[in-house]
Each structure stands twice: as structure tokens, then as C-alpha cells.
Amino acid sequence: MLIAGFPAGAWGTNCYLVAPAAGEECVIIDPGHQAAAGVEETLRKYRLKPVAVVLTHGHIDHVASVVPVCGAHDVPAWIHPRDRYMMSDPEKALGRSIGMPLMGELTVGEPDDVQELTDGARLSLAGMEFGVAHAPGHTKGSVTFRMPETPEVPPVLFSGDLLFAGSVGRTDLPGGDHAELLESLARVCLPLDDSTVVLSGHGPQTTIGRERATNPFLTGMTGADAPRRGM
């Protein structure tokens with residue numbers, strides 16, 4: 001399996017391209033602010049053909065490049081229905097303006113083809129299977145994508161802004177709910193095997209085992225002063 005990721009834009013949001021191998025079809029996860037050029041570079045480098053964009057949630061730092069990327073390759077975007085409005089109205093999702101200079105760089109709106117994610121769904125894309133888990137708390141429509149273990153790689157969780165290395169997503173923006181976030185962590189993350197690789201929306205990769213042992217939000221500590229990433 002090939003997983004190629006890079007941080008993009010003003011918020012350093014991780015965009016991932018996932019394929020069975022170089023030279024094959026791929027899925028693009030979270031093409032955010034200023035990610036389009038990095039997506040194209042990665043597609044050329046590994047000779048990949050995208051078949052879909054999938055989104056962990058609707059914040060602008062994760063969806064800002066959806067329209068140009070989907071349009072350039074005529075592929076659908078998948079998003080949970082509770083976050084779909086954010087693609088067309090990013091400022092409402094933040095409860096404030098994100099600034100006119102930045103807005104001038106964005107293509108706000110939906111791509112031509114939008115598909116809606118549901119909890120427990122299994123997406124078969126590019127010859128791979130992605131398990132979808134609704135994980136509200138950071139936003140009402142946050143989801144994670146889980147890929148099963150293969151002979152080449154351990155199980156992988158694309159956690160979006162639910163879980164980071166040493167921290168969790170913020171809950172102070174519209175739709176955020178700390179109690180919901182903790183419930184999502186307990187329901188979605190804690191049952192996973194310790195070997196599961198966590199590829200987050202921001203920051204370095206980690207594992208479920210490492211976070212179970214050291215992340216203050218997962219060990220029962222208050223974690224009130226832990227740094228929180230994401231928009």
C-alpha cells in the first residue's frame with residue numbers, strides 16, 4: 001500500500017493520497033487550504049489516478065481545495081451530511097470571518113458530485129476498503145476512516161481532527177462539544193489494536209498504543225492544558 005501525505009496551507013493540514021501501489025488509482029483525503037498543487041505533484045510523482053476525495057470533516061482547512069481537485073479529475077467528494085454546509089459557507093462553520101485576504105484565495109462551494117457518508121459505511125474505492133465511523137465532537141459531522149491490516153502495513157486510522165499525537169481536536173467552534181468528543185474517542189479509538197497507525201489531520205503520525213499510554217485525554221487525566229491543533 002502507498003500512503004503519501006503532506007502538510008498544506010496556512011494551518012498545516014495533512015492531506016493524504018492512498019493507493020494500493022504506485023501507478024494505480026488512489027483516494028485523496030482532506031485536500032485543504034493550498035493543497036491542490038501538492039496533490040498534483042504527488043499524483044505525478046507516483047503516477048496515480050484519483051477516483052474520489054473523502055473528507056474527515058467540513059472545516060475550511062480540510063476542504064478548501066475540494067472544488068479544484070474534484071473538478072480537475074472529475075471525481076466525487078464524500079462528506080458527512082452534518083458538515084456538508086461548510087463547503088459553501090465556511091465562515092458560518094467558524095462563527096467568525098476567516099479574513100478577506102485568505103478568502104480571496106479560496107474556491108468556496110461544492111464540487112459537481114457530492115456523496116454523503118454514513119456511520120458504519122464501508123467504501124470500496126480504488127481497490128481498497130475504508131471503514132467509516134461517525135465521530136462528532138470537533139464538528140457534528142466529523143468522521144474517521146479505518147483501513148484494515150494488510151501483509152504490508154498495520155491497520156491505519158485517518159483520524160481527522162478527532163485524535164492527534166498527544167492531544168485531541170478543539171471543541172470551541174460552532175458544532176464542537178467536548179463531551180461528544182470524549183465519547184467519540186472512547187467509542188472509535190480505544191477499541192482499536194495498539195498497533196493501529198494514526199494519521200491525523202495535523203502533526204506527526206502516532207499509534208493507538210502510544211496514545212492509550214501517554215495521551216492525557218485517553219489515560220483519564222484532565223488534559224486541560226494540553227495543546228490542541230486544528231482549525
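**A histidine and a helix on a sheet**

Guide: Let's start at His-138, which counts as buried at 2% relative accessibility. Buried here means under 20% relative accessible area, exposed means over 50%, and partly exposed is in between (1.4 Å probe, protein chains only). Bear in mind that this is a predicted model, where local features need pLDDT of at least 70 and side-chain atom pairs count only at pLDDT 80 or more, while totals for chains, interfaces and linings use all residues. Residues are numbered from 1 along each chain as its sequence is written, and side-chain values use heavy atoms, with hydrogens and water left out.

His-138 sits in the loop between strand S8 (128-134) and strand S9 (143-147). Helices (H or I, at least four residues) and strands (E, at least two) are DSSP runs, numbered from the N terminus. The His-138 side chain makes a polar contact with the side chain of Asp-161, at 3.3 Å.

Six strands form an open sheet in the order S1-S2-S3-S4-S5-S6, with mixed pairing. Two strands pair if DSSP finds at least two bridges between them. The edges are strand S1 (2-8) and strand S6 (114-116), each of which pairs on one side only. Neighbouring strands are turned by 25° against each other on average, direction ignored; axes are lines fitted to C-alpha atoms, for helices over the stretch in contact, and angles run from 0 to 180 degrees between N-to-C directions.

S2 and S3 form a hairpin with 5 residues between them, and Gly-23 in the turn has a positive phi of about 85°. These two strands run antiparallel, joined by 3 bridges, and Tyr-16 has Ile-29 in S3 as its bridge partner. S3 and S4 run parallel, with 5 bridges, and Ile-29 stands opposite Val-54 in S4. Val-54 in turn stands opposite Trp-78 in S5, where 2 bridges join the parallel S4 (residues 49-54) and S5 (residues 77-79). S3 itself is mostly covered, with 4 of its 5 residues buried.

Helix H1 (residues 36-46) lies across S1, strand S2 (13-19), strand S3 (25-29) and S4, running at about 155° to S1. Helix H3 (residues 66-73) packs on the sheet too, touching S3, S4 and S5, and makes about 145° with the direction of S4. In H1, Gly-38, Val-39, Thr-42 and Leu-43 are buried. These four cover an arc of only 135° around the axis, so they end up on the same side of H1; the arc is that of the directions from the helix axis to the C-beta atoms. What covers them includes S1, S2, S3, S4 and H3, with contact meaning heavy atoms within 4.5 Å. On the other side of H1, Ala-37, Glu-41, Arg-44 and Lys-45 are exposed. After H1 comes Arg-47, with a positive phi near 55°.

Zooming out, the chain has 7 helices and 14 strands, and 54% of its 231 residues count as buried.

Conventions
Polar contact = N/O pair within 3.5 Å; in protein donor to acceptor, adjacent residues only side chain to side chain.
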